[in-house]
Amino acid sequence: MMKKRSLLLLLPVLLLAGCQNDSSSSTKPITTDTPTDRTTTVEDTTPSKTWSEKLKDGDVSIIDYPQEIVIGATNYYQVNLSFRRTIYNSEVEFDVSDSSVLPLEALEYHGQGDGSLHGSGYVTIDATKLDKAGTSYLEIDLTSPNSSSMGGTVCLELTVVETPNVTYWNETIVFEATNAFSRIKLEEGEQLIAQFSDEDHVLGTDNPNRADEENKTYGYFQKDISALLKGEESVSVSFQYAVGHDIRLRAFVRDAEGKATWYHILDTMGSGSNVTGFNEYDKDTSKLTFIQENVTLDLTISDETYQ
């Protein structure tokens with residue numbers, strides 16, 4: 001009986017030795033944790049975040065934000081916030097739905113108020129740190145380290161666009177004066193100014209007409225044409241015309257304190273046709289239109305003033 005029992009005890013050892021020999025000859029290692037003929041898939045049960053606009057929450061409201069943000073624009077775009085009550089040491093955390101469009105490093109919060117007492121705030125967006133057009137939600141979670149009851153979480157959708165390509169034409173305006181306007185005498189410190197405004201200019205992008213000025217990212221520029229009231233019969237101004245843009249031209253006398261008196265420029269129609277349109281100036285809208293490059297248009301300033 002003892003020998004029989006010993007033999008039975010040896011059988012599992014022999015069988016185990018046989019499994020080890022088989023596994024060592026196999027090209028695929030066998031693990032005891034997972035069968036080789038089965039694939040285990042672990043499902044991610046973390047819920048995805050649902051994004052939607054919420055312009056008001058708790059103490060915080062979004063009161064203004066940019067409709068479009070232009071890649072590379074040199075100005076700062078702002079999301080302006082108002083608070084229902086004063087918030088102590090307001091601070092924020094940001095979250096975005098698409099960081100490739102709106103990277104977190106392009107965002108910065110600024111609390112406004114007297115020291116640590118913030119009655120409002122704003123978020124700046126540095127467009128020079130953007131390089132992809134698209135849309136992204138921006139979530140602003142505003143809190144106070146002094147009170148857990150203060151703050152709120154607001155969210156808005158922002159649109160980032162490519163910097164537009166603008167075609168510019170070289171054009172010239174020759175300013176003349178009616179007899180009545182030419183009799184106006186400029187006092188010391190006064191100037192006669194021609195102001196050109198591009199109503200479609202993208203704020204923060206270069207304006208070639210302001211290249212010689214400190215800030216060249218705005219859509220207007222001014223030329224001093226005071227010589228017209230100092231004996232000159234005409235004054236010529238050359239500029240870069242943004243094709244397809246709404247360009248306005250106005251004339252005014254600015255006194256030493258900066259106060260402006262605006263004078264009408266008379267309707268003028270130059271070359272063109274009913275088919276192509278005309279190189280022209282519209283007195284009622286102050287709109288200046290060119291249909292071709294390298295045109296000289298004569299404009300006359302009258303003594304008729306307006307507000």
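A: At 2% relative accessibility, D59 counts as buried, where buried means under 20% relative accessible area, exposed over 50% and partly exposed in between, computed with a 1.4 Å probe and protein chains only. The model is predicted, so local features need pLDDT of at least 70 and side-chain atom pairs count only at pLDDT 80 or more, whereas totals for chains, interfaces and linings use all residues. Residues are numbered from 1 along each chain as its sequence is written, and side-chain values use heavy atoms, with hydrogens and water left out.

The side chain of D59 meets that of R84 in a salt bridge, with N and O 2.6 Å apart; a salt bridge here is a side-chain nitrogen of Lys or Arg within 4 Å of a carboxyl oxygen of Asp or Glu. R84 lies in strand β4 (residues 76–88) and D59 in the loop between β1 (56–57) and β2 (60–64), so the pair ties together parts that are 25 residues apart in sequence. Strands (E, at least two residues) and helices (H or I, at least four) are DSSP runs, numbered from the N terminus. R84 itself is exposed, with a relative accessible area of 59%.

D59 also forms a salt bridge with R85, the closest N and O atoms being 3.0 Å apart. This pair, too, links distant parts of the chain, with R85 in strand β4 and D59 in the loop between β1 and β2, 26 residues apart. R85 counts as partly exposed, at 33% relative accessibility.

By the salt-bridge rule, the count comes to seven. Another of these joins the side chains of E304 and K283, at 3.1 Å from N to O. Here E304 is in strand β19 (residues 296–306) and K283 in the loop between β17 (277–282) and β18 (287–289), so that distant parts of the chain, 21 residues apart, are linked. E304 is partly exposed, with 37% relative accessibility. Elsewhere, salt bridges that share partners join K49, D95 and E139 into one network.

D126 is buried yet has no salt bridge, and the nearest side chain of opposite charge, K129, is 4.1 Å away; for charge, Lys and Arg count as positive and Asp and Glu as negative, while His and the chain ends are not counted. The side chain of D126 does make a polar contact with the side chain of T128, at 2.6 Å. A polar contact is a pair of N or O atoms within 3.5 Å, of which, within protein, one must be able to donate a hydrogen and the other to accept it, and residues adjacent in sequence count only if both atoms are side-chain atoms. Leaving aside residues up to four places away in sequence, D126 touches Y76 and A106, contact meaning heavy atoms within 4.5 Å.

The loop between β17 and β18, which holds K283, also holds S286. S286 is buried, with a relative accessible area of 9%, and has a positive phi of about 65° although it is not a glycine. Apart from residues up to four places away in sequence, S286 touches I247, R248, L249, R250 and Y281. N294, in the loop between β18 and β19, is likewise a residue other than glycine with a positive phi, near 60°, but N294 counts as exposed, at 60% relative accessibility.

For the chain as a whole, the secondary structure comes to two helices and 19 strands. Of the 307 residues, 35% count as buried. Among contacts between residues at least 6 apart in sequence, 68% join residues at least 24 apart.
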